[in-house]
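Trainee: I would like to go through this model by asking about individual residues. Please end each answer on the value or name I ask for.

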Amino acid sequence: MQFTTAIIATLTTLVSAERIAVHHQPLTKAGLIAQKEFMRQRAALFLDENAEVPVKDYTNTQYFITVDIGTPAQQFNVVPDTGSSNLWVYSSKCKSVPCLTHSTYNASKSSTYTADGAAFDIEYGSGGVHGYVSHDVAGFGGVYANMGLGEVKTVSGATFYISQMDGIIGLGYDTISVNNLPTWLESTDLADKSFGFYLHNNPDQSYMTVPGFETEGYTLKGVHNVIEQTYWNLNLVSMTGPNGVVDTTGYKAAIDSGTSLIIGSATLIDPLIAGIVVDQTCAGIDALPNITFRFDETDYVLTAADYVVQVTEFGVT
């Protein structure tokens with residue numbers, strides 16, 4: 001697939017065809033800590049050239065969509081994730097505690113289910129998902145595909161216990177698909193395999209479009225070619241913080257809908273944010289400096305309101 005990603009801002013009155021609702025799950029302090037630890041351990045996997053590319057579990061990820069699997073449809077809240085390429089959900093045969101508190105896929109109730117049985121095992125640094133491949137119809141927004149998916153039977157790791165998701169639908173490239181399974185997009189008969197997200201501060205106004213994306217009602221900020229078809233990797237020219245420009249030569253940046261965090265190598269992030277001190281009470285954050293990311297020739301400026309995670313629990317921020 002050939003993809004181009006458009007980064008946009010300042011959306012007003014929007015005109016589009018089919019829109020798929022995107023559900024918001026507020027980030028908790030426990031979820032944030034677990035997400036950071038998961039990403040730290042996931043990054044460690046890539047130090048091993050033989051490590052399997054993992055499907056990502058983003059604990060308390062901000063946004064979910066509802067996906068139908070099987071006939072009649074069984075519904076699941078899943079992460080629409082441009083940072084992975086597989087569809088997996090919990091199986092009704094799963095006895096792990098997280099499976100008992102989430103929606104599970106029951107193959108015996110689907111007339112379109114086809115058995116496969118190949119192992120579907122993904123290890124993270126902090127645990128993993130284990131099961132087998134099944135084939136069934138899956139889709140959302142009126143677009144469906146007969147495809148191979150991971151039916152997860154056991155999980156391990158604390159991150160799954162506090163996750164709000166029933167699974168993940170990967171929207172990355174098939175080059176990073178576990179078991180080389182065709183992605184959902186590749187498995188559809190869509191001629192136009194583009195899609196878009198509109199993530200609003202008001203969660204009731206957030207949605208996804210597929211196929212296609214909005215062409216009116218916004219001010220275009222920039223358009224960037226994908227330079228490596230694994231994740232949605234773009235040309236990261238530079239990052240600028242209070243200490244000046246950070247050299248990003250040799251690095252790419254993945255546009256990842258599956259996480260609410262900005263993740264990077266310590267060799268890049270440490271000099272970028274050195275000297276930025278955030279009070280635990282969030283006092284004085286308005287005075288913190290801006291951080292700028294440049295993709296190609298376009299600058300994206302983040303204020304402290306963008307890059308400081310503020311979590312309110314029990315009335316305390």
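Trainee: At what distance does the side chain of K193 reach the backbone oxygen of L190?

Mentor: This is a predicted model, where local features need pLDDT of at least 70, side-chain atom pairs count only at pLDDT 80 or more, and totals for chains, interfaces and linings use all residues. Residues are numbered from 1 along each chain as its sequence is written, and side-chain values use heavy atoms, with hydrogens and water left out. The side chain of K193 also reaches the backbone oxygen of T188, at 3.4 Å. For the backbone oxygen of L190, the distance is 3.0 Å.

Trainee: Is K193 buried or exposed?

Mentor: K193 sits in the loop between α4 (184-187) and β11 (196-198); helices (H or I, at least four residues) and strands (E, at least two) are DSSP runs, numbered from the N terminus. Buried means under 20% relative accessible area, exposed over 50%, and partly exposed in between, with a 1.4 Å probe and protein chains only. Because its relative accessibility is 17%, K193 counts as buried.

Trainee: How far apart are the C-alpha atoms of K193 and P211?

Mentor: P211 is in the loop between β12 and β13, and the peptide bond from V210 to P211 is cis, with omega near -5°. Along the chain, K193 and P211 are 18 residues apart. Their C-alpha atoms are separated by 5.9 Å.

Trainee: Which other residue does T71 join through a cis peptide bond?

Mentor: Most peptide bonds are trans. The cis bond from T71 has an omega of about -5°.

Trainee: Which residue forms a salt bridge with E214?

Mentor: A salt bridge is a side-chain nitrogen of Lys or Arg within 4 Å of a carboxyl oxygen of Asp or Glu, and a search of the whole structure finds four. In the one with E214, the closest N and O atoms are 3.4 Å apart. The pair links distant parts of the chain, 195 residues apart: E214 is in the loop between β12 (207-209) and β13 (218-225), and its partner is in the loop between β1 (4-11) and β2 (20-21).

Trainee: Which residues do salt bridges that share partners join into one network?

Mentor: R294 forms a salt bridge with E297, with 3.7 Å between the closest N and O atoms, and E297 is exposed at 65% relative accessible area. The side chains of D299 and R294 also meet in a salt bridge, at 2.7 Å from N to O. R294 is partly exposed at 26%, and D299 is partly exposed at 30%. The network joins R294, E297 and D299.

Trainee: What is the phi of D296?

Mentor: Most residues other than glycine have a negative phi. D296 lies in the loop between β18 and β19 (298-302) and, at 24% relative accessibility, is partly exposed. Although D296 is not a glycine, its phi is positive, at about 55°.

Trainee: Where is C282, which has a positive phi?

Mentor: The phi of C282 is near 70°, in a residue other than glycine. C282 counts as buried because its relative accessibility is 15%. Its place is the loop between α5 (266-273) and β18 (291-295).

Trainee: With which side chain does S84 make a polar contact?

Mentor: A polar contact is a pair of N or O atoms within 3.5 Å; within protein, one must be able to donate a hydrogen and the other to accept it, and residues adjacent in sequence count only if both atoms are side-chain atoms. S84 is in the loop between β5 (74-81) and β6 (87-90), and it is buried at 2% relative accessible area. At 2.8 Å, its side chain contacts that of D81.

Trainee: How far is V79 from G258 in space, C-alpha to C-alpha?

Mentor: V79 is in strand β5 and counts as buried, at 1% relative accessibility. V79 and G258 are 179 residues apart in sequence. In space, C-alpha to C-alpha, the distance is 6.3 Å.
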